[in-house]
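Good morning, and thank you for coming. Please have a look at the sequence and the structure on the screen, and then we shall go through some of the side-chain contacts together.

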Amino acid sequence: MSVKHPVVAITGSSGAGTTSVTRTFQEIFRREGINAAIVEGDSFHRYDRNEMKLAMAEAEQNNNLRFSHFGEEANLLKELETLFRDYGETGVGTVRRYLHDEAEAKPYGQPPGTFTPWEELAPGSDLLYYEGLHGAAVTATVDVARYTDLLVGVVPIINLEWIQKVIRDKTERGYSSEAVIDTILRRMPDYVTYICPQFSRTYVNFQRVPTVDTSNPFIARTIPTADESFVVIRFADPKVIDFPYLLSMLHDSFMSRTNCIVVPGGKMELAMQLIFTPLILRLMDKRPKRSY
C-alpha cells in the first residue's frame, strides 16, 4: 500500500503490556520530532462502563456466557476500520476518548467510565498511532488490518498475561480472585476468535516469556520482572532485518529461528528503539512532501 498518512497499530489483549510499548513509541516520536495522533482502543468500545454492566447482565439472562470486551458485539470495529481508512487517505478522521478515571474525566466535566463526544482529529499530524485490542482485527464484514502500515503484536505467554490481569484487577480495581477468573473464562471464546488471529497478521510480535515458575497463575503474588523474563521477537519479513546489528547491540541476545531473535527482558525497550526507529522514519520518508 502506498503510504500517504501512515497508520501504526499496536495490538494486544488487556494486560498484555501494550501501554509500556506506547511509552516507547512516544519517546521515538518525541526524539524524531514526529507529531503523532494517538488513539486508544478503549474509545472504540460500544458501551460505556455502566452500559457494559447492563449489557453483561442482559447477556447472562439470555444465557450468552461469552459476551466480552474482546468480541465484535461489544466494539465499534466498523468505525475503527473507517478511521484507519480515512486517516490513511486524508490525514484526518473521527475519534473520541474513553475517560478511565477521575483525573481523565475532570477536564471534560463528565463522570469516569464515559466517552467524550465524537470529533474530527486536528489536521496536520504526521501519523496515526493506535494502541488497543483490535488493531489487526478481521471479521466477515470488517478488515481493520488492511488499512495499517505497521502492525505490532504484544502478547506475553498466556500464564503471564493472566498473572498480570489477576494482580492488576485485584490491586487496582478491587476485584476478587473469583471475579477475575470468571472474566478470563468468559473472554476465552472471543480471545480465540478475535485476539489470537491478529498475531498472524502483524509485522512484528513481542512475546514476553518468564524464566520463573508461572504454572499456577491464579496464586501468583507478584508479576515476573523484566530481569526474570526473555522476550521473543518474531518478524514476518526477516529479510529486511539486520540481525547481526541487533545481536551486537543487544547483549546476551540470540537467534532461535531465522525470523526470531530472543532478548533479555530488560532489553525490550532498547530492542524496540532499535527496531522501530528506522521503520518509523522509513514510513515518514514515503509520505508525500507537503506543499506550503
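Asp-86 has a relative accessibility of 25%, so this residue counts as partly exposed. Please keep in mind that what we are looking at is a predicted model. The partner of Asp-86 is Arg-85: the two form a salt bridge, and their closest N and O atoms are 3.2 Å apart. Arg-85 is likewise partly exposed, because its relative accessible area is 28%, which lies between the limits of 20% and 50%.

Why can such a pair form at all? Side chains of opposite charge can pair when their charged atoms come close.

How many salt bridges does the count come to? The answer is nine. Let me describe some of them. Arg-31 and Glu-32 form one, with 3.3 Å between the closest N and O atoms. Glu-32 has 31% relative accessibility and is therefore partly exposed. Arg-31, at 40%, is also counted as partly exposed.

Next, please find Arg-97 and Glu-104. A salt bridge joins them, and here the closest N and O atoms are 3.9 Å apart. This pair still qualifies because the cut-off is 4 Å. Glu-104 is partly exposed at 22% relative accessibility, and Arg-97 is partly exposed with a relative accessible area of 35%. Finally on this topic, salt bridges can also be linked to one another in this model: Lys-165, Arg-168 and Asp-169 belong to a network of them.

I now turn to the aromatic rings. The structure holds 13 aromatic pairs. Consider Phe-206 and Phe-276: their ring centres are 5.6 Å apart and their planes meet at 45 degrees, so the pair is tilted. The pair links distant parts of the chain, since Phe-206 belongs to strand β9 (residues 204-210) and Phe-276 to helix α8 (residues 268-286), with the two residues 70 apart. Are these two residues buried or exposed? Both Phe-206 and Phe-276 are buried. They also take part in a cluster, in which ring pairs connect them with Phe-25, Phe-29 and Tyr-129.

The charged end of Arg-96 sits over the ring of Phe-115, at 3.6 Å from the ring centre. In the case of Arg-187, the charged end sits over the ring of Phe-70, and the distance to the centre is 4.6 Å.

My last topic is the backbone. Which residue has a positive phi of about 65 degrees although it is not a glycine? That residue is Asn-63, found in the loop between α2 (49-61) and α3 (77-90). Asn-63 has a relative accessible area of 61% and is therefore exposed. Asp-252 is not a glycine either, and its phi is positive, at about 70 degrees. Its place is in the loop between α7 (243-249) and β11 (254-257). With 52% relative accessibility, Asp-252 counts as exposed.

Three bridges join β11 to strand β12 (residues 260-264), and the two strands run antiparallel. Within this pairing, Met-255 has Ile-261 of β12 as its bridge partner. Together, β11 and β12 form a hairpin, with two residues between the strands.

Thank you for your attention.

Technical notes: Residues are numbered from 1 along each chain as its sequence is written. This is a predicted model: local features need pLDDT of at least 70, side-chain atom pairs count only at pLDDT 80 or more; totals for chains, interfaces and linings use all residues. Side-chain values use heavy atoms; hydrogens and water are left out. A salt bridge is a side-chain nitrogen of Lys or Arg within 4 Å of a carboxyl oxygen of Asp or Glu. Buried means under 20% relative accessible area, exposed over 50%, partly exposed in between (1.4 Å probe, protein chains only). Helices (H or I, at least four residues) and strands (E, at least two) are DSSP runs, numbered from the N terminus. Two strands pair if DSSP finds at least two bridges between them. Rings of Phe, Tyr and Trp (its six-membered ring) pair if their centres lie within 6.5 Å; planes under 30 degrees apart count as stacked, over 60 as edge-to-face and the rest as tilted. A charge sits over a ring if NZ of Lys or CZ of Arg is within 6 Å of the ring centre and within 35 degrees of the ring normal.
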